[in-house]
Amino acid sequence: MEMEMLVAAVPSSPGGSGGRLGLDLCWPAAAARGQRPAARAARFLVDGGLRPPDNAEDMSIVERFLEEVELEQGQREEIVAIIKGMGFKNEVSKKSVVEPTLEFAIVQDADRLDAIGAIGNMNKCSVFESFPKTPAGIARCFTYGGSKKNTLHDPKILPRDNLSKEKYMSKDEKQTSINHFHEKLFKLKDMMKTEAGKKRAEKRHKFMEDFVAEFYEEWSGRA
C-alpha cells in the first residue's frame with residue numbers, strides 16, 4: 001500500500017473529531033513545507049486506537065499493521081518513531097526517544113490538544129471497528145480514573161512535583177483524578193511545539209483552569 005492511500009483515510013477537515021481537529025490546526029506548519037503524509041498516517045493510527053498505552057513500550061501492534069498494509073520499511077520506521085516518542089512520559093523525563101521533526105511535532109501537538117479538550121476524539125476510524133469509542137480530555141480523566149477505582153479527590157493526597165518517567169508510570173503511589181490535571185494536563189500548554197498548537201492550547205488550558213477552580217469551589221461547599 002502506498003503511504004498516500006493510508007493518509008487518504010484521514011479527513012482533511014475537522015469533521016467534529018477532536019483528534020483530527022487538532023491535526024488540522026497544526027497542519028498549516030506542514031503545508032508551508034509540502035505535504036507531510038507520515039504525520040497524517042501516524043495520527044490516523046492513533047485515532048484508530050492502534051497505539052500502546054502510555055505506560056507501554058511495545059510497538060508490535062503498530063509494526064504488524066504497517067507490515068500488513070505493505071508500507072515501505074523507511075515509511076514504517078518513520079511512523080513507528082513518531083508514535084513511540086510522542087507520549088508525555090518521554091518528555092517529562094527530558095529524554096526524548098525520537099528526533100523532534102516537524103512531523104513529530106504535528107502529531108504530538110494534535111494528541112495533546114485531544115488530552116486537554118473537553119471530550120477529545122470520540123470518533124473511531126472505520127478501519128478499526130473493533131475499537132470502542134472512548135473519550136479523551138477531561139472526560140477521559142474521570143472515565144479512566146473511575147475504571148481504575150481511583151479516588152476522585154482527596155485534599156490529603158497532594159500532586160507530585162518533579163516527576164521522573166519512572167515515577168509518572170508507577171502504579172504504587174495512590175493518586176487522584178484531580179491531581180492528574182496538576183501532574184500532566186496543566187503542563188501540556190507549555191509543551192506544544194507548533195504555533196497553531198500553542199494558540200489552540202491557550203483556550204483549552206483556560207477551560208481546564210476554570211473547570212478545576214469550580215470543582216474546588218463546589219467540593220469545599222463555597223459555590
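The largest nonpolar core in this predicted model has 20 residues. Within this core, the residues with the most contacts are Phe88, Ile116, Phe181, Leu185, Leu188 and Met208. In soluble globular proteins, nonpolar side chains tend to be buried together.

**The largest core**

- Two or more residues of this core come from each of the following elements: helix H6 (88-92), H7, helix H8 (137-147), helix H10 (177-183) and helix H11 (195-220).
- H11 supplies the largest share of the core, namely 4 residues.
- Phe181 touches Ile138, Cys141, Phe142, Phe186, Met208, Phe211 and Val212, when residues up to four places away in sequence are not counted.

**A separate core**

- Another core, of 14 residues, lies apart from the largest one.
- Its members include Ile79, Val80, Ile82 and Phe104.

**The packing of H5 and H7**

- Two packed helices are described by the angle between their axes and the distance between the axes.
- The axes of helix H5 (residues 73-85) and helix H7 (residues 102-115) cross at roughly 45° and come within 10 Å.
- Because of this angle, H5 is oblique to H7.
- The crossing of H5 and H7 is right-handed.
- On the H5 side, Glu78, Ile82 and Gly85 take part in the contact; on the H7 side, they meet Glu103, Phe104, Val107 and Gln108.
- The residues of this contact comprise 3 nonpolar, 2 polar and 2 charged.

Methods. Residues are numbered from 1 along each chain as its sequence is written. This is a predicted model: local features need pLDDT of at least 70, side-chain atom pairs count only at pLDDT 80 or more; totals for chains, interfaces and linings use all residues. Side-chain values use heavy atoms; hydrogens and water are left out. Axes are lines fitted to C-alpha atoms, for helices over the stretch in contact, and angles run from 0 to 180 degrees between N-to-C directions. Angles under 35 degrees count as roughly parallel, over 145 as roughly antiparallel, 65 to 115 as roughly perpendicular and the rest as oblique. A crossing is left-handed if the near helix is turned anticlockwise from the far one by less than a right angle, and right-handed if clockwise. Contact means heavy atoms within 4.5 Å. Ala, Val, Leu, Ile, Met, Phe, Trp, Tyr, Cys and Pro count as nonpolar, Asp, Glu, Lys and Arg as charged, and the others, Gly among them, as polar. A nonpolar core is a set of buried Ala, Val, Leu, Ile, Met, Phe, Trp, Tyr and Cys residues joined through side-chain atoms within 4.5 Å. Buried means under 20% relative accessible area, exposed over 50%, partly exposed in between (1.4 Å probe, protein chains only).
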